[in-house]
Amino acid sequence: MTNFMNNFGVILYATLIYTTPLLYAALGSCFSEVSGVVNIGIEGMMTAGAFTGTVVAYFTGNPWIGFLCGGLAGAFFGMLHAIATVNLGADQTIAGTAINMLGPGIVIMIAKVLFNSTDTIPLEASMKIPRLFRGVFDTSTVFGRFMDNVFANYASTYLVFIAVAIVWFVFYKTRFGLRLRACGEHPQACETLGINVIRMRFLCVCISGFLAGLGGACVTMAISTQFRPISIVGQGFIAIAAVIFGKFRPQGALLGCLLFGFCSGLKVVLGGSSGINMQLISMIPYVVTVIVLVLFVGKSRVPSANGKPYIKAK
Amino acid sequence: MTKKKSFLDIVSENRFIHILLSILLGFLVGAVFLSVMGLSVGAAYGRLITSVTTRKGFSYVIVYSVPYIVAGLSVAFSFKTGVFNIGAEGQFVVGSMAAACVGILAGNLPKPILIPLCFIAAMAAGAIWGIIVGFLKTRWGINEVLSMIMFNWIAFYLSNFIAGIPAIHSDGTAEATKNISPNASMLFSKDFIKSAGLCPTANWGILVAIAMTVLVWFVIEKTTLGYELKAVGSNKFAAEYGGINVNRSILTALAISGALAGLAGALQLMGMGNRISVFSSQEGFGFAGIVVALIGCSNPFGVLIAGIFYGALMFGGSKLNLVGAPTQLINVIVGTVVFFIAISVIFENLKNLKPRANRNTEAAANKKTAEQKEGSKS
């Protein structure tokens, strides 16, 4: 029983820690896609955030400034994407592909200049995002240990769950959210009602980059302690997948990210003990996603105007 | 009324010139980065050029470019048929692994049988990977971008898993498969390579790539199949109304695109790789295919040239550290090129740069011709 509780606690902990970066990026993806702009460049924006976050934290010694700057770096690439797709009407997939090459290319080049290596110098514990509930629970009891395991998470994890609630509120309970969703469904109708579609989408794509940047920063400032070229390998795409999985709703994306996070957590726990092949275990999240989609979710309704450049009528 | 086109008009309307301008801007941005880092632009770009223009260097470029060309064809084919094959990466990986399995397990077969067999295995594997995604889309309406991303990762781990199976895994300590049988290798003979002064991995894969380029062009432009696929790509509903089975077309397009990506995997293995390592991250040939298809305007012959260009950048880029410049510079250059291709609409607006008076008279002339056309219609 004790053993089970311990393992269960560790799985929950690992689920949360792996869910966090995906969830930030997925929320970002929601903003962009729901406003009608396909943002496949999430991956590149995460990489930019991952690098900037850890570097700024390293030089300032303050994790929160680093975290914020990670977001801003993501927002910068979000802005590039917005200029291309929203203002200039570029093909959104192509522009996103470009961002995915530019983001890692630029930051790894800067890393070379700053550190003479593609990896950054590992952060000290004080420069990492803090763990909020360290030592709050009494670890002598089974339940206390369980709670300690689960809540050993970094502050960024709790923040992201608050962010999900905020994004949900913004999307469905505010005028801004209604307009945002309308821009992704029928931009022409929005324009006739006096909503500035271009400005709206521009803003949303920048927010999307900001959140993706925060997600990237979580990877290098919480899960790991440094940026390496393999820090962000596919998390951005998985976040996009989680959003499609969640039918372009923040609460749905939360479920998608938890599914991926849980499978990754399972991998950590199973990997050490069982005799099952690691490669096959690693495959689980992806296979499970496809199965869940086929069995329970089915068709994901894409916002009608998603992917179509909006050209303002003259 | 024929009006002599001004230089700016030509620049604004020609897609090929847009691509060239994008490439130029890519190198310009690269130069800015180099200068900011305090490195010599001349030394870096000089190195880039000298490393690809020697006989040996150029043979490397050709060898490098083969998988990029064929992966590019795969993506270009999918673009033409209205599907965005972001799954080329996974199809490449399973194709490569299928070819490796055949090349290792059936290594005793003679060359003329084994090599085509490896190709067929790779193409079949890639096609199956594509068809699964297509089936998920047509049968259950699962978003293809999502399932392709999933199947890229499934392919990745599947390949790593197969590489660990004792019959396939290397006999030595290497975290890789065994080497494929010499009978499955496409390398030129050692004597020929030596006498011709080529790179050690020189092989005849480029001939396959050229053959595929012509074949893809032929299928898209000259066959009923290609016509139907293109029709579905440009307007699904019109195509359906015209009596084309849209679902079957999507499946066919994904199968062909997947087969091409799988073949690219086989060519990479049998020409250069010789074995498959246990990967720690995706190798990105499929994603490179997307870039090559974009630079090549999704035109098969454009893809052929773009693939060689990309191969040159990749090979030349790997030599950049010799002059102290980071190899990642190449990614920045290519990323910028793709970015400008995406916003190439700005080049189309170049003609608006002309003096205002000039533009006004032109607008009047255009209006006049339009009116004349209207008139002749009615």
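1. Secondary structure of chain A. In this predicted model, chain A has 12 helices and zero strands.

2. Extent and packing of chain A. Along the principal axes, the C-alpha atoms of chain A occupy a box of roughly 70 × 50 × 35 Å. Of its 314 residues, 52% count as buried. Among the contacts of chain A with a separation of 6 or more, 78% are between residues 24 or more positions apart.

3. Confidence in chain A. The average pLDDT of chain A is 87, and 96% of the residues score at least 70. Among the elements of this chain, helix α5 (residues 142-150) has the lowest mean pLDDT, 79. The highest mean, 95, belongs to α3(A).

4. Helix α3 of chain A. This helix runs over residues 63-87 and holds 25 residues. At 1.5 Å a residue it should span 36 Å; the C-alpha atoms at its ends are 34 Å apart, which agrees. Just after α3(A) comes G89(A), with a positive phi of about 65°.

5. Most residues other than glycine have a negative phi. Two residues to check against that background are K247(A) and F248(A). K247(A) is not a glycine, yet has a positive phi of about 55°; F248(A), also not a glycine, has a positive phi of about 60°. K247(A) sits in the loop between α10 and α11 (250-273) of chain A, and F248(A) is placed in the loop between α10 and α11 as well. Are these residues buried or partly exposed? K247(A) is partly exposed, because 17 other C-beta atoms lie within 10 Å, whereas F248(A) is buried, with 21 other C-beta atoms within 10 Å. The cut-off for a buried residue is 20 or more such atoms.

6. Helix α7 of chain A. In α7 (residues 175-185), the buried residues are L180(A), A182(A), C183(A) and G184(A). Which elements cover the buried residues of α7(A)? The cover includes α1 (2-34), α6 (155-173), α8 (187-192) and α9 of chain A.

7. The A-B interface. Contacts between the chains involve 40 residues of chain A and 40 residues of chain B. On the side of chain A that touches chain B, the elements giving two or more residues are α4 (92-115), α10 (235-245) and α12 (278-297). The largest share comes from α4(A), which supplies 14 residues. By class, this side of chain A has 26 nonpolar, 11 polar and three charged residues.

8. Nonpolar cores. The largest nonpolar core has 217 residues. Which of its residues touch the most other members? They are A26(A) and A242(A) from chain A, with V70(B), A71(B), C118(B), V292(B) and V338(B) from chain B. Helix α9 (residues 197-223) of chain A gives the most to this core, 16 residues. Leaving aside neighbours within four places in sequence, C118(B) is in contact with A99(B), V102(B), G103(B), A184(B), A266(B) and M270(B). Another core lies apart from the largest one; it has five residues, among them Y13(A), A14(A), L16(A) and I17(A).

9. Overall description of chain B. Chain B has 17 helices and zero strands. Its C-alpha atoms fill a box of roughly 75 × 60 × 35 Å along the principal axes. Chain B has 378 residues, and 50% of them are buried. Of the contacts in chain B between residues at least 6 apart in sequence, 78% join residues at least 24 apart.

10. L28(B) belongs to helix α2 (residues 15-36) of chain B. With 13 other C-beta atoms within 10 Å, L28(B) is partly exposed. How many residues separate L28(B) and I333(B) along the chain? They are 305 residues apart, while their C-alpha atoms are separated by 8.3 Å.

How values were computed:
Residues numbered from 1 in each chain as written. Chains lettered and ligands numbered in written order. Predicted model: local features only at pLDDT ≥ 70, side-chain atom pairs only at ≥ 80, totals over all residues. Helix = DSSP H or I, 4+ residues; strand = E, 2+ residues; numbered from the N terminus. Buried ≥ 20, exposed ≤ 12 C-beta atoms within 10 Å, placed from the backbone. Contact = placed C-beta atoms within 7 Å. Expected span 1.5 Å × (residues − 1). Nonpolar A, V, L, I, M, F, W, Y, C, P; charged D, E, K, R; others polar. Core = buried A, V, L, I, M, F, W, Y, C linked by C-beta atoms within 7 Å. pLDDT = per-residue confidence, 0-100.
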